[in-house]
Amino acid sequence: MKDVLNQTDPNTRQQVYNQYVKDITPTHNWFANVCKAFLIGGIICTIGQGLLNLYKAMGFNEEVAALYNIVTLVGLSALFTGLGWYGKWAKFGGAGTLVPITGFANSVAAPAIEFKKEGQVFGIGCKIFNIAGPVILYGILISWVLGVIYYILLRLGIV
């Protein structure tokens, strides 16, 4: 960075800066990242399917088994976040850990754990939805918009 600041000519400074940025920017193997995300996401989804099959085998109907499945996955995600394991899996698997419902549970639990030391109100209460808040907001908003569109299409006899 000192080389960039020491340049007096603007064009040379820009070239040196561009080379500096290129040198420090990490390169990623997108194919390996996709494979890792697929692996981790697949493992999470396989566990979810296994839990769903287990709950059905225990005699629960499809709806109740799905509910218990979601509750179990969210609980396990929060537990693994608290133990520090979920962050390691996310670092390895990237988006594979973000897409399933476990990623949402992690996004709620992680700030709560991180800001616990600031107290119940200003720590956990204020920070818990930093990441999950926009997801909830835009999820509700798009659900409402799609509901209105569906209602209009229903009234027009298209659907």
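Tutor: Helices here are DSSP runs of H or I with at least four residues, strands are DSSP runs of E with at least two, and both are numbered from the N terminus. On that basis, the order of elements from the N terminus is α-α-α-α-α-α-α-α, that is, 8 helices and 0 strands. The model is predicted, so that local features require pLDDT of at least 70 and side-chain atom pairs pLDDT 80 or more, while totals for chains, interfaces and linings use all residues. Residues are numbered from 1 along each chain as its sequence is written, and side-chain values use heavy atoms, with hydrogens and water left out.

An axis is a line fitted to C-alpha atoms, for helices over the stretch in contact, and the angle between N-to-C directions runs from 0 to 180 degrees. Helix 4 (residues 62–83) and helix 5 (residues 85–93) have axes 4 Å apart, at an angle of about 95 degrees. Helix 4 is therefore roughly perpendicular to helix 5; that term covers 65 to 115 degrees, whereas under 35 is roughly parallel, over 145 roughly antiparallel and the rest oblique. Ser77, Phe80, Thr81 and Leu83 of helix 4 make the contact with Trp85, Tyr86 and Trp89 of helix 5, where contact means heavy atoms within 4.5 Å.

Threonine 81 belongs to helix 4 and counts as buried because its relative accessibility is 12%; buried means under 20% relative accessible area, exposed over 50% and partly exposed in between, with a 1.4 Å probe and protein chains only. Beyond neighbours within four places in sequence, threonine 81 touches Tyr86, Asn106, Ala109, Ala110 and Ile113.

Tyr86 is also among the contacts of threonine 102, together with Ile44, Leu73, Ser77 and Thr97, again leaving aside neighbours within four places in sequence. Threonine 102 sits in helix 6 (residues 101–114), and its relative accessibility of 5% is why it counts as buried. Between threonine 102 and isoleucine 44 there are 58 residues of sequence separation, yet their C-alpha atoms are 8.1 Å apart in space.

Helix 6 also packs against helix 8, with axes that come within 9 Å and cross at roughly 130 degrees. Helix 6 and helix 8 are therefore oblique to each other. Phe104, Ser107 and Val108 of helix 6 meet Ala132, Val135 and Ile136 of helix 8. Valine 108 and asparagine 130 are 22 residues apart in sequence, with 8.0 Å between their C-alpha atoms. Asparagine 130 lies in the loop between helix 7 (120–127) and helix 8 and, at 45% relative accessibility, counts as partly exposed.

Some values for the protein as a whole give the context. Of its 159 residues, 21% count as buried. Among contacts with a separation of 6 or more, 44% join residues 24 or more positions apart. The accessible surface is about 11,700 Å², with 69% belonging to carbon and sulfur atoms; such areas come from the Shrake-Rupley method with a 1.4 Å probe, and for residues only the protein chains shown count as cover.

The structure also holds 1 salt bridge, a term that requires a side-chain nitrogen of Lys or Arg within 4 Å of a carboxyl oxygen of Asp or Glu. The salt bridge joins the side chains of lysine 56 and glutamate 62, at 2.9 Å from N to O. Lysine 56 counts as partly exposed at 32% relative accessibility, and glutamate 62 counts as partly exposed at 48%.
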